[in-house]
Amino acid sequence: MNFAYWLERAALTRGDLLAVASGEAQTASYEDLARRSAAMARGLRETYRLSPGDRVAIAAKNHPAYLEALFAIWWAGLVAVPVNAKLHPTEVAWIVEHSQSQAMFCSSDLAPALSGLDLGLRALVCFGDAEHERLTALEPAPLTARSGQDVAWLFYTSGTTGRPKGAMLTHSNLVAMSLAHLVDVDPTAPGDALIHCAPLSHGSGLLCLPHVCQMGVNVVPESGGFDVSEMLALLRRWKRASFFAAPTMVRRLAEAPEEIEAASIRSIVWGGAPMHMADTLKALDRFGPRLAQLYGQGESPMTITALSTREAEDREHPRWQERMMSAGTVRSVVEVIVAAAQEKPLPAGELGEVLVRGETVMAGYWRDAEASATALQGGWLHTGDLGSFDQEGYLTLMDRSKDLIISGGSNIYPREVEEVLMSHPGVREVSVIGRPDPEWGEIVVAYVAGEATPEELDSVCLERMGRFKRPKDYVFVPSLPKSNYGKVLKTTLREQDAKRSLEHDANGSQGAHSAADAPEMSR
């Protein structure tokens with residue numbers, strides 16, 4: 001099934017309902033959105049001579065026209081390739097070339113840089129230009145039939161360790177993701193709002209699908225992104241609103257001094273990175289039990305486990321805090337195991353790699369058979385994440401396997417150390433990495449943004465965890481490096497730390513803080 005049928009159905013049955021808003025203003029009804037998307041689909045197929053399965057890229061900030069472009073691509077039976085608008089033009093060009101995209105939509109701010117590149121496209125259409133308006137005025141095309149196994153979205157990974165890979169997400173993958181979201185995470189009714197403060201090229205764009213399925217309102221901020229003041233105004237304007245956010249966005253809203261009408265918020269769905277418990281508690285105190293967490297990857301979009309608002313509400317449960325620190329329970333359309341090797345499941349309480357199989361798992365990586373075979377070995381998606389289930393089926397994530405620190409033969413999980421450090425009120429952000437050490441293999445290093453002193457942080461660590469886990473160096477920084485989606489970039493931190501260590505060795509100086517420089521062994 002081509003899930004663009006959801007838009008056609010909405011236009012036929014409730015075409016008068018609002019589909020898209022720009023800031024606080026109404027922009028398009030479902031009848032308008034379907035008509036414009038179907039007209040653009042005719043242009044893609046007939047003017048640009050694209051055939052079902054051809055790829056069309058979108059490189060744009062969040063914009064009301066982004067949604068009609070997405071659905072035009074699917075309406076025409078084509079494959080959408082949403083590209084992070086914050087990438088360098090050469091990075092955009094690489095994705096366009098790798099995906100073999102034949103056409104591209106872009107926003108006006110990116111048009112000058114992109115038009116100067118030799119992308120080999122049949123068309124580069126800027127939102128709001130004359131060609132865009134010409135396309136939307138064409139005679140609407142009929143919906144193109146597609147099977148569930150046809151690719152709908154090439155989801156390019158963030159590429160923090162080399163070139164990004166394009167996860168092939170099929171129509172069936174995205175239908176399963178959408179229905180599971182409505183069942184497991186965020187029941188949605190016609191007219192409910194979704195505020196797109198996170199990139200439409202990523203999680204927020206994926207969540208527009210269940211909202212179109214249920215005829216909700218897609219609200220695009222006028223800023224094109226996340227601004228605290230604007231978000232507060234939009235939450236006052238749009239009742240029963242939900243939004244997808246990275247943990248840093250949630251924290252900034254929770255710390256906003258302005259009054260927030262929490263009662264009008266339907267849900268705050270966060271994901272993309274772990275949120276430390278101190279920030280979770282702060283958000284729950286500010287917004288009430290409206291937080292839901294998604295754990296997923298581009299390879300199983302938004303759908304591995306979830307922690308719903310029901311868990312957030314149940315503060316009387318004896319293990320409430322442990323549950324809130326977890327990634328929730330397995331979603332309704334996948335199987336998840338924690339395994340050590342050969343895809344053999346481990347019992348509750350034991351740590352291993354998180355493996356997933358089910359209706360949302362990608363078909364493979366575009367033009368990369370070797371990476372596909374590795375990722376989908378044994379019929380399971382190998383996430384690279386380390387975690388463990390408890391006896392009640394709640395999954396607790398520790399770290400990516402590459403982030404595990406082995407010091408003196410002992411395994412140390414950065415997230416555990418980070419949670420302890422975040423409990424200090426003088427810590428705004430923290431990220432823990434391993435630094436190569438000739439004697440111990442690695443030592444624990446904490447990069448900290450905040451006002452706490454090394455002595456205070458040492459004291460917190462010694463009170464709450466084994467001595468061998470505490471950082472041996474604290475490096476204080478104004479802020480941590482993050483991806484365009486709000487994830488802390490540990491790869492960048494490790495690179496910066498290696499450079500810093502070389503400079504210190506050359507100068508014969510010590511680190512920002514060395515706490516009993518030799519790591520203690522676990523006793």
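This is a predicted model: local features need pLDDT of at least 70, side-chain atom pairs count only at pLDDT 80 or more; totals for chains, interfaces and linings use all residues.
The partner of β16 is strand β17 (residues 352–358), and the two pair in the antiparallel sense over six bridges. Within this pairing, Glu 335 stands opposite Arg 357 in β17.

Another antiparallel pair is formed by β7 (residues 151–156) and β8 (residues 166–170), joined by five bridges. Here Tyr 156 has Gly 166 of β8 as its bridge partner. Six of the six residues of β7 are buried, so this strand is largely enclosed by the rest of the structure.

Turning to the interior, nonpolar side chains tend to be buried together in soluble globular proteins. In this model the largest nonpolar core holds 121 residues, and among these Trp 74 and Phe 105 touch the most other members. Helix α3 (residues 64–75) is the element that gives the most to this core, contributing ten residues. With residues up to four places away in sequence not counted, the contacts of Phe 105 include Met 40, Leu 44, Val 56, Ile 58, Ile 73, Val 125, Phe 127 and Leu 135. There is also a second, separate core of 21 residues, with Ala 59, Trp 94, Met 104 and Val 151 among its members.

Trp 94 leads on to helix α4 (residues 89–99), whose buried residues are Val 92, Trp 94, Ile 95, Val 96, His 98 and Ser 99. The elements covering these buried residues include the strands β3 (55–59), β4 (79–83), β5 (103–106) and β7, along with helix α5 (111–115). After α4 comes Gln 100, which has a positive phi near 60 degrees.

Finally, Met 325 is found in the loop between α13 (320–324) and β15 (329–330). Its relative accessibility is 29%, so Met 325 counts as partly exposed. Apart from neighbours within four places in sequence, Met 325 is in contact with Met 277, Arg 415 and Glu 419. Between Met 325 and Pro 478 there is a separation of 153 residues in sequence and of 26 Å in space, C-alpha to C-alpha.

How values were computed: Residues are numbered from 1 along each chain as its sequence is written. Side-chain values use heavy atoms; hydrogens and water are left out. Two strands pair if DSSP finds at least two bridges between them. Helices (H or I, at least four residues) and strands (E, at least two) are DSSP runs, numbered from the N terminus. Buried means under 20% relative accessible area, exposed over 50%, partly exposed in between (1.4 Å probe, protein chains only). A nonpolar core is a set of buried Ala, Val, Leu, Ile, Met, Phe, Trp, Tyr and Cys residues joined through side-chain atoms within 4.5 Å. Contact means heavy atoms within 4.5 Å.
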